[in-house]
Each structure stands twice: as C-alpha cells, then as structure tokens.
Amino acid sequence: MCTVSDVKAGGEDRFVIGVGADDAGFALKERLRELLAGDPRVAEVRDFGVREATDTEPYPNVGLKVAEEVAAGRLDRAVLVCGTGIGMAITANKVPGVRATTAHDTYSAERSVLSNNCQVLTMGARVVGPELAARILDEWLGHRFDPESASARKIAVIAEYEDAHHG
Ligand SMILES: O=C[C@H](O)[C@H](O)COP(=O)(O)O
C-alpha cells in the first residue's frame, strides 16, 4: 500500500482520501465516493466499506480503520458517513492525531479546515440531503490549513494535551 508521502514525493499535490460508512450511510458514501473520484483535487479515493447497504458492520469498526490510516499518514483526509455523522466523529477522534468533525453546512466545512485543521469530515445521511452533502464536500476540498495562521497555536494546545496524556 503506497503511503501519502509516496504520492506526494512524485510532486503530487492532490489529496489521497479515504471513505467509509455504515449501512445507514452507505448510499451517501457511494455518491460522495463517485464525486471524489471525478474531482481534480483528488489523486486517489480508497473505500473502506461498507460495500453494501445490508452490511451491518458497526460504524466504529469502519471509523477506527479509516482514522488509523489518516493518523499513519497513508491518507491525507477522509469522509465518514453514518446516520447522523456523530458516531463516526466520536470514533475517529479517539485516534491520536486525528481531528474529525461533523459538518452539515458549508461554513462549518470551511472552518473545520481553516480553524481546526480537521482531516476527517463526517456527515449524517439521515440529516443531510445528497445535494447539500455534495456542496459541503466541494467546499471542504477547497480549503487547506495554513500552519502559519493564528489558529495553529490553538490546535497546538490540543496536540500538546494528546502527547501528554496519550503519547
Ligand atoms: O452515530 C451513530 C450513527 O448515526 C449510526 O448510523 C446509527 O447508530 P444507531 O443504530 O446506534 O442509532
């Protein structure tokens, strides 16, 4: 499995993005996966399942698998979908170094990157419709965190706590 750094080493600046869902989020994940596959800002999409709407794999199993890939540097970002997005966010945030957020509007999607440097976006298929979800995804792909920004020192507090308590 090539790592993100391998992709980046080739001068590739586009995202390597993982997607995952549970049965409640399967259909929306499939739609977002297709959008990502056709987006010029995305180099590769890796699908961590579920692969059918009848697969009742608990969402934490999928969320942890994807979040660990982000933490390991094998994914730049990830999109996780469940019924509300909440369970996937709670799950992904258990992995040290991962910042996941649920966003059901474009402003939150923008600030999740620019203020919070979130690598993981979660959405709830029972909360947001497919067209708005597509808009939110498009907004999210359009921003990159600025490590020189004023937000960086605030995020550093989170990282320092993690290192001190989970390092
Ligand atoms: O956050 C949890 C998700 O919304 C999941 O899809 C539904 O979980 P539940 O079946 O425990 O309500």
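## Helices packed on α6

Let's start with α2 and α6. Helix α2 covers residues 26–37, and in this predicted model it packs against α6 at an angle of about 40°, the two axes lying 10 Å apart. Angles under 35 degrees count as roughly parallel, so α2 and α6 come out as oblique to each other. As for handedness, α2 passes α6 in a right-handed crossing.

Helix α6 (residues 130–141) also packs with α5, which spans residues 106–114. Here the angle is about 25° and the axes are 8 Å apart. That angle falls under 35 degrees, so α5 and α6 are roughly parallel to each other. The crossing of α5 and α6 is right-handed.

## Around the ligand

Now for the ligand. Which residues are around it? The list runs D22, A24, Y59, C82, G83, T84, G87 and R126. Sorted by class, that shell has 3 nonpolar, 3 polar and 2 charged residues.

D22 brings a polar side-chain atom to 2.6 Å from an oxygen atom of the ligand. G83 uses its backbone instead: a polar backbone atom of G83 is 2.8 Å from a ligand oxygen. With G87, too, the backbone is involved, a polar atom there being 2.9 Å from an oxygen atom of the ligand. How much of the ligand does the protein bury? Taken alone, the ligand exposes 340 Å², and the protein buries 54% of that.

Two loop spots are worth a look. V50 belongs to the loop between β2 (42–47) and α3 (59–71).

The other is N117. Is its phi positive or negative? The phi of N117 is positive, at about 50°, although this residue is not a glycine. You'll find N117 in the loop that runs between α5 and β5, the latter covering 120–124.

Notes
Residues numbered from 1 in each chain as written. Predicted model: local features only at pLDDT ≥ 70, side-chain atom pairs only at ≥ 80, totals over all residues. Heavy atoms only, no water. Near = heavy atom within 4 Å. Polar contact = N/O pair within 3.5 Å; in protein donor to acceptor, adjacent residues only side chain to side chain. Areas by Shrake-Rupley, 256 points an atom, 1.4 Å probe, with all protein chains shown as cover. Nonpolar A, V, L, I, M, F, W, Y, C, P; charged D, E, K, R; others polar. Axes fitted to C-alpha atoms, helices over the stretch in contact; angles between N-to-C directions. Helix = DSSP H or I, 4+ residues; strand = E, 2+ residues; numbered from the N terminus. Parallel < 35°, antiparallel > 145°, perpendicular 65-115°, else oblique. Left-handed = near helix turned anticlockwise from the far one by under 90°.
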